[in-house]
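This report describes how two chains meet in a structural model. The sequence and structure are shown first, and the description follows.

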Amino acid sequence: MRTPFPFAAIVGQDEMKLALLAASVDPTIGGVLVFGDRGTGKSTAVRALAALLPPMKVVAGCRYNCDPEAPAGFCPECRARAGERKLKAQSVPVPVVDLPLGVTEDRVVGALDLEKALTQGVKAFEPGLLARAHRGFLYIDEVNLLEDHLVDLLLDVAASGENVVEREGLSLRHPARFVLVGSGNPEEGELRPQLLDRFGLSVDVRSPDDLATRVTVVRRRDAFERDPETFAREWDKETGRLRSKIVSARRRLADVDCPDTVLETAARLCLQLGVDGLRGELTLMRAARALAALDGARAVDLAHLRRIAAPALRHRLRRDPLDEAGSEARIERAVGEVFGP
Amino acid sequence: MSDALLAAALLAVDPAGTGGAAVRGPWGPARDDWLAALTALLPEGTPLRRLPPGVTDDRLLGGLDLAATLRARRPVVERGLLAEADGGIVLVPMAERLSPASVARLTATLDTGSVVVERDGIAARHPARLAVVAFDEGIGEDERLAPPLVDRLAFAIDLAAGEADDPGAGLAWSRDGVAAARDSLAEVTADEAVATALCETATALGIASIRAPLLALRVARAHAALRGATRIDEGDAAVAARLVLAPRATRLPAEEPPREDAPPQETASPPQADDSTNDSNDSMDDSGDDSTNESGDSMPGEPPPLADLVLAAARAAIPPHLLASLRASSVAASRPSPAAGRAGAPKRGTGRGRAVGTRAGRPDGRARLNVLETLRAAAPWQGLRGATDPRTGRLEIRADDFRLTRVKQRTASTTIFVVDASGSAALSRLAEAKGAVELLLADCYVRRDEVALIAFRGTAAEVVVPPTRSLVRAKRCLAGLPGGGATPLAAAIDLAGAMARAVVRKGQSANVVFLTDGKANMTRAGRPGSAEAEREAGAAARLFRAGGSTALVVDTSPRPRPQSEQLAREMGARYLPLPYAGSHELSSAIQASTRQS
C-alpha cells in the first residue's frame, strides 16, 4: 500500500475536512457525501483518513472488527468464543474500506468460501467488505455510478447496522456499522433521493480559484509525488495534533451541552427551509455538537450551528426542478433570516 | 518535429505521471505512425494492452480464472487487463464511445495507480501504474471523450489537424535517451516560480481543474529530463504550457500590452514556439551542458517574467477554432459549459444488459450461466454426492445448482419533441403544444429521461435544445420559440431521424414525438409548394422508419386529416389525432402512448 497524502496537508476545502472530522468524532451523524468538481482531492481526503484516525481496539483475530469492550454487539464467532475463554484485544488502524467499481455482490455481503468448499468440502462463510468496514468507513468513489442493486443493499445495511446473509445455504448475521462516505461528480448523473437521504452531511467542493491556493496545491502535490515518505514525515507533527484533537473531541462529546436556544434555532432553520422529517434537525444537532467538541467548547453555540447548517441541510431540500436559484442560495437566505446578518 | 511526436516522447518518459494522451483523428496511417513512434521510444518489453470495446469487468479488472480454478479445484485469480498493463500503456480505440462505467474504471486506476478487485470471491489489489492513450474517433460535436478522462490525460493530440510528419523522418530521441530521462526524472527540481507560472497561465486561460497545472508541471519535468537538465527552465515550462494547458483553454487570455523586449510577433507564432523546442532538442543531443548558456544568449536585456513567457507559449498554441467556438458560446449559453449536459448524458445508457446478481434456473440460450455461482451452489454438496477423492474426483453438478446471471436491460431514453411552429400550427395550437411539452418535461425529469427539442418553421428545422436533462434550459428555450411561416416537414423528419440515431448510437433509446398538423408546404431545398413538399415528407418518413426509432405523431390540426395518418404509418409511428385538446389532455395522451410503446 502506498503512503497516502496526509490529511493535514490538504489545502483549503475546509467544509469537506470539517464534515469528515465531524463524522469521525460522531459516527452517528450518518455519513458524508462529497460532490463536486473534478480534481479537487475528494478521494484524496477520504483515503487520507485511515492514516489520520487513532487506532481502535478489536478482538484479536476477529474477522468482523468486534469491539472487545462491547460484548453485546459481538459477531457469532466472538460470542461463541467468549463463552470459552477471555478474548484478547488488539490495536488496528480504523478501516477505511474502498468499495471499488465493478464490485460484485458476493464481495460486498460476503459469500461461501469457495476454496474451503472445493478443497475441504467445508461450508464456511467468507466475510465481505461490509464486515471489513465495521466500526470504520465505507468509501464509494463515483457513488452515482453504483449499480442500483448494490445501492439497495447498502441502504438496508446502513439503516439496520447489521448484515443479514441468506445465500448458498448460509444463514447468518453480523454487525456492520460504518460511516458511509460517497464522492462523485454531479455531471455524471444525480443520486437517487433515497441514497441521498442516508448521508448525514453533504459537501460541495469546487476547484480553488485564487492563485496562491492553487500554487500551494500544485507544489504540495508535486513534493508528495516525488517523495511520499519524506513528505508524510514532514506533516507528522500536524497529523498528530489533528489526531489528538479527534481523540479528545470523542472523549468530550457526551458532555457537550446543547442548549434549548440552539435546538430552537435548528428547528426554525429546518422549518424555514421546509426540510422533511426530523432527520435534518437531528443531524444538525449532532454535527454541531461534534463541531463544538472539536473546538474544545463545553456547549454548542449558534456559531457551530451556522457553520454546519449548509452541509447538514443542502441535500434535504425538496427539489424544485424549475427553481434556478439552487439549494445553495436558498440555504444562505434562510441562514441569513434565522441567524441575522 | 511536430508537437504530436514531442508529446509521444514526453509520454514515454513518464507514462504514469502524465496520465497519457487523448489522440483525436480517424483510424489510419497518421495514427499508426504516431503509435509506432511512441512504441519505438518505450523501453523494450513495455506492456501495451488494447482495450476491446465492450470489455467486461472480469477481463478489465480481473477475476476468477475459471479453467484454472476447475482444474486446480481451488480459486485461481486471473489478472485483468489494467493490472497487466502496469508500467505500460492501455490503448483505447473508439474512446469516445466508452461507457461512463468504463471511464470510471480507467480514471480510478489513473488516480490510484492500482486496481482494486473485489469480485467473484476475490479480494486483491494489483499495481497498475499506467498511461491511457485514448483514440478519439468522434466526428461530430456529440461524440467527445468523457471529460473525467480528458481531465487526467496530459496531452491532447489532434492528428486530423494536418500537422503531418514525414513518416520517414527520424525521431529526435532514442529509446536510450528516453530511458535515461526516465531514470533522472526524480532528480529534476522545480522552482516555485515554475509552479506559479503554470498556475497563473491555467487561470488566465480559464482552466478550472487543478489537475491541469499539475500535469503541466510533470510534463515540464519530463521535458527537462529529456534534455538532460536537472532543473526545469523557462523552455520546459513553455513546452508544458503549449502541450498541456493550451488545448484546455476555455477563454483567451487578456492581451498584455506588448513588452519592449518581447519578440515582435509574440501573439501568434507557432513556428517560433517550434524553434524553441528544436533548440532544446539540439541542446539535448549535445548532452544538455550548454542549455543554460543558450537560454541566456537568446535573451538580451531584462528577461520577461516567467509567467508571461509561459502564457505566450500557451497562447500561441491555442487551437484556431477556439476563437470561433468561444464567440458562439458567449452568445448562446449562459451555462458554464454547454457540453456539461452531454457529458453526463450516457450515464444510464450503460444499462444495456449489465449483470445485476444471479438467480437459480436452467440455461435456456437467452440467460447466461454464471459458472462461479453455480460452483458455489454445488460445492457444499460434493461430500454428500459422493465425489470420492477430492483430488481426483470430478465435481458433480446438478440441475438445481445452475445459477443464471440476471441482466438488467433498462436503457436510458431520450424523448425528442419535434414541434411544428409554422403559421398554420402556430395560430391554433402552438401554445398548447408548448404547454404539453412543458408538462412532459416535468415527467421526464421525474424519470430522469433526457429531452431534446426540434422546431420547424419557415424554410428549415433546427435543434432548439440538444438532448439534455436540464429542465430549466429546455423550458427557457421553449418559451422563446417563435411561430409563423411555412411547414418544412421533410427537413424536420430528417433532423429528428438523425438525432434519434445519434441517441441510439450512445446506447440509449429514443422516442420521437411529432406535434404537427402534417401539412407540409416547404421542400428541403426551401421551395414552397404543397405537392412536392408532401412527397418529400413521405420519403423522409420512410427513411425515418428505416432508422427504427419509435415515434408518435400527434395531429394537432383542428380537423384530423387522412394524410397525417398516412404520414404516421409511413414513419412506422403511432398516430394520435387530438383535435381541440388542451395542454393537459395532450400531455396525458402522449404519456399513455409512450408507455405502451
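Five salt bridges are found by the rule across the interface of chain A and chain B, a salt bridge being a side-chain nitrogen of Lys or Arg within 4 Å of a carboxyl oxygen of Asp or Glu. In one salt bridge, the side chain of A:Arg107 meets that of B:Glu118 at 2.8 Å, N to O.

**Basis of the model**

The model is predicted: local features need pLDDT of at least 70, side-chain atom pairs count only at pLDDT 80 or more, and totals for chains, interfaces and linings use all residues. Residues are numbered from 1 along each chain as its sequence is written, chains are lettered from A and ligands numbered from 1 in the order in which they are written, and side-chain values use heavy atoms, leaving out hydrogens and water.

**Extent of the interface**

Contact (heavy atoms within 4.5 Å) involves 53 residues of chain A and 74 residues of chain B. The two chains bury about 5500 Å² between them, 57% of it on carbon and sulfur atoms; buried area is the accessible area (1.4 Å probe) lost by two parts on being put together, summed over both.

**A buried arginine in chain B**

B:Arg105 lies in helix α7 (residues 100-112) of chain B, helices being DSSP runs (H or I, at least four residues) numbered from the N terminus. B:Arg105 counts as buried because its relative accessibility is 7%, the cut-off being under 20% relative accessible area (1.4 Å probe, protein chains only).

Methods. Helices (H or I, at least four residues) and strands (E, at least two) are DSSP runs, numbered from the N terminus. Buried means under 20% relative accessible area, exposed over 50%, partly exposed in between (1.4 Å probe, protein chains only).
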